[in-house]
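Biologist: Can you take me through this model? I would like to start with the ligand and then look at some helices and loops.

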Amino acid sequence: MEIKRILVTGRLQEELKHRLDGVIGAELRCLPEDRVTEQDLAWADAYAGFRPVPGFLPEQYRWVHALGAGVDAFIHRKPWSEQTILTRTTGDFGRKIAEYCLGHMLADAQHHEGFSEDQRARRWGPQAAVPLAGQAVAVFGTGTIGQTISLTLRALGVRAYGISWSGTAHEAFDKTVSLREAAVVLDQADWVINTLPLTEQTEALFDERLIALMKPGCAFINVGRGGSLVEPDLLRALDRGQLRKAVLDVLSVEPLPDTSPLWSRPDIKITPHIAAVTDAEEAAQALLDTWNALQQGENLLANRVNIERGY
Ligand code: GLV
């Protein structure tokens, strides 16, 4: 497929221009999201960005490339055009997210917050760390992100269960089960981590019913999408002690509104969607590699999104 004019927009537009102008064999027009006009949208035969800008119509393009790993901003509950190829960035997200999860798990196990409070109060309050070794984690999503989390934690002696639609066994996990069988591993997991993309199937997946299957007192980390978690159900589960704590990098509404009850909870740690931020180098490489593959034939694309599946 021949792509000649790519409209690049979003946070990395300037760096992508700098890195790819004259390197990629297509003309680039790089603009901040709020500067894209109807003429720019009409000029391009391909669009690269973190999300569609107002006026974006998928059918105007032969190729759309998501600069992030998730593509829900483009296709979740939105019409797509069959002729338009959608690809996404597959960078080093697994390692970044694994480090994020590990960081929060260790901070919890080693009582970082309690010791910070003690220090502020000039209080000497010994409390032994809870070893991660011997604990168990259930990871929703057994793709590369879930696999990297699992391998990282297993290296520290954590047992890792994978949960996917099919339940197909994968060597990165101690055991893999299907979503229907989730109860079998959920009642053993001290930590539950969601890495799933937002699709019709995963929207509001973590509701009261699913949370009730989790081991009482376990902790939940959401690095997937906020729309997969029913936040009022999470709050109720924390209130009754079904869950001990939650670490949320993604929220149903971002930025999280000032009025949200989540902000003031000591049992919730909120981070502003930073667990795996696409950097300029991986964005440039992915855009270039995908463009190159497209020139040679669409079937060479390793990062094409299956629109029906939603990821
Ligand atoms: C981050 O959430 C991404 O989709 O890259």
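Predicted model: local features only at pLDDT ≥ 70, side-chain atom pairs only at ≥ 80, totals over all residues.

Biologist: Which residues surround the ligand?

Modeller: The ligand has Gly-68, Ala-69, Gly-70, Phe-93, Arg-225 and His-273 around it. By class, that shell has 2 nonpolar, 3 polar and 1 charged residues.

Biologist: Which side chain has an N or O atom 2.6 Å from an oxygen atom of the ligand?

Modeller: That is the side chain of His-273. In the side chain of Arg-225, an N or O atom is 2.7 Å from an oxygen atom of the ligand. Gly-70 takes part through its backbone, where a polar atom is 2.7 Å from a ligand oxygen.

Biologist: And how much of the ligand's accessible area does the protein cover?

Modeller: On its own the ligand has 190 Å² of accessible area, and the protein covers 81% of that.

Biologist: Next, Thr-89. Where is it, and is it buried or exposed?

Modeller: Thr-89 is in the loop between strand E5 (85-88) and helix H4 (93-109). Its relative accessible area is 0%, so it is buried.

Biologist: What does the side chain of Thr-89 make a polar contact with?

Modeller: The partner is the side chain of His-65, at 3.4 Å. Leaving aside residues up to four places away in sequence, Thr-89 touches several others, including Gly-68, Ala-69, Thr-278 and Glu-282. Gly-68 and Ala-69 are also among the residues that surround the ligand.

Biologist: Switching to helices. Which residues of H1 are buried?

Modeller: In helix H1, residues 13-20, the buried ones are Gln-13, Leu-16 and Leu-20. Looking down the axis of H1, these buried residues fall within an arc of 60°, so they line one face of the helix. Glu-14 and His-18 are exposed on the other side of H1.

Biologist: What covers the buried residues of H1?

Modeller: The cover includes strand E1 (5-9), strand E2 (27-31) and helix H10 (280-296). After H1 comes Gly-22, which has a positive phi near 85°.

Biologist: And H9, which residues are buried there?

Modeller: H9 covers residues 231-239, and its buried residues are Glu-231, Asp-233, Leu-234, Leu-235, Ala-237 and Leu-238. Helix H8 (208-211) and strand E10 (218-222) are among the elements that cover them, along with strands E11 (243-248) and E12 (268-270). Gly-241 follows H9, with a positive phi near 80°.

Biologist: Which residues other than glycine have a positive phi?

Modeller: Arg-77 has one of about 55°, and Arg-122 has one near 55°. Most residues other than glycine have a negative phi.

Biologist: Where are those two, and are they buried or exposed?

Modeller: Arg-77 is in the loop between helix H3 (72-75) and E5, and it is exposed at 55% relative accessible area. Arg-122 is in the loop between H5 and E6, and it is exposed at 80%.

Biologist: What about Gly-125, which residues does it touch?

Modeller: Not counting residues up to four places away in sequence, Gly-125 touches Phe-115 and Asp-118. Gly-125 is in the loop between helix H5 (112-120) and strand E6 (136-140). Its relative accessibility is 29%, so it counts as partly exposed.

Biologist: Last one. Which peptide bond is cis?

Modeller: The bond from Glu-254 to Pro-255 is cis, with omega near -5°. Pro-255 is in the loop between E11 and E12.

Technical notes. Residues numbered from 1 in each chain as written. Heavy atoms only, no water. Buried < 20%, exposed > 50% of the residue type's maximum accessible area, 1.4 Å probe, protein only. Helix = DSSP H or I, 4+ residues; strand = E, 2+ residues; numbered from the N terminus. Arc of directions from axis to C-beta. Contact = heavy atoms within 4.5 Å. Polar contact = N/O pair within 3.5 Å; in protein donor to acceptor, adjacent residues only side chain to side chain. Near = heavy atom within 4 Å. Areas by Shrake-Rupley, 256 points an atom, 1.4 Å probe, with all protein chains shown as cover. Nonpolar A, V, L, I, M, F, W, Y, C, P; charged D, E, K, R; others polar.
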